[in-house]
Amino acid sequence: MKTIMETFKKALGFYSGEGINHEKEKFIGSFDLQEILGGRGFQIKFEAKSPTNPAAIYHSEVSTVAPNISNGLSLFNLNTNTPFLAEHTYVESSNSNHMIFRFGDTPNRNSFREEIHLHLSTNEIRYEYHWGMPGGEFQYRSGATMLRNSK
């Protein structure tokens, strides 16, 4: 877990770029990653806006990445598309720059399940949502590649 936390710390900052949502609409994504409580956790603020009407917000969220009670790592996500705070637990990865946080049992077609994928580097972030509704396929749905910039 220490390596993952170090990866987050190196990627602190504001990012923006283009993406595609689950309805195949292009959007402008903004991603703000900040350290909280002296490095005990991190806060993510993400927003997806219309490229032609900046007042039109397709998706907004605030997440906290922090150690959980099970001595693991979780991403606690509150957003405009899901009516509850969801705890996504970290799934082991062979690459500390690519993290997967999972909510639910991905093969279970009878429930909602979701993964948030983060590809972090010092100058670029790839943020993806993979999900499946009850009775539906679990698959990649939306994502954005964003470059570091200043606010």
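I started with strand β7 (residues 98-103), which pairs with β8 in the antiparallel sense over 6 bridges; strands here are DSSP runs of E with at least two residues, numbered from the N terminus, and two strands pair if DSSP finds at least two bridges between them. I looked up R102 and found that its bridge partner in β8 is E115.

A note on the model: it is predicted, so local features need pLDDT of at least 70 and side-chain atom pairs count only at pLDDT 80 or more, while totals for chains, interfaces and linings use all residues. Residues are numbered from 1 along each chain as its sequence is written, and side-chain values use heavy atoms, with hydrogens and water left out.

Next I followed β8 onward. β8 and β9 pair in the antiparallel sense over 8 bridges, and a hairpin of 3 residues joins them. I saw L120 standing opposite I125 in β9.

Then I turned to S142, which sits in strand β10. S142 is buried, at a relative accessible area of 13%. Beyond its neighbours within four places in sequence, I found S142 in contact (heavy atoms within 4.5 Å) with I20, N21, H22, Y127, E128 and Y129.

Conventions: Helices (H or I, at least four residues) and strands (E, at least two) are DSSP runs, numbered from the N terminus. Buried means under 20% relative accessible area, exposed over 50%, partly exposed in between (1.4 Å probe, protein chains only).
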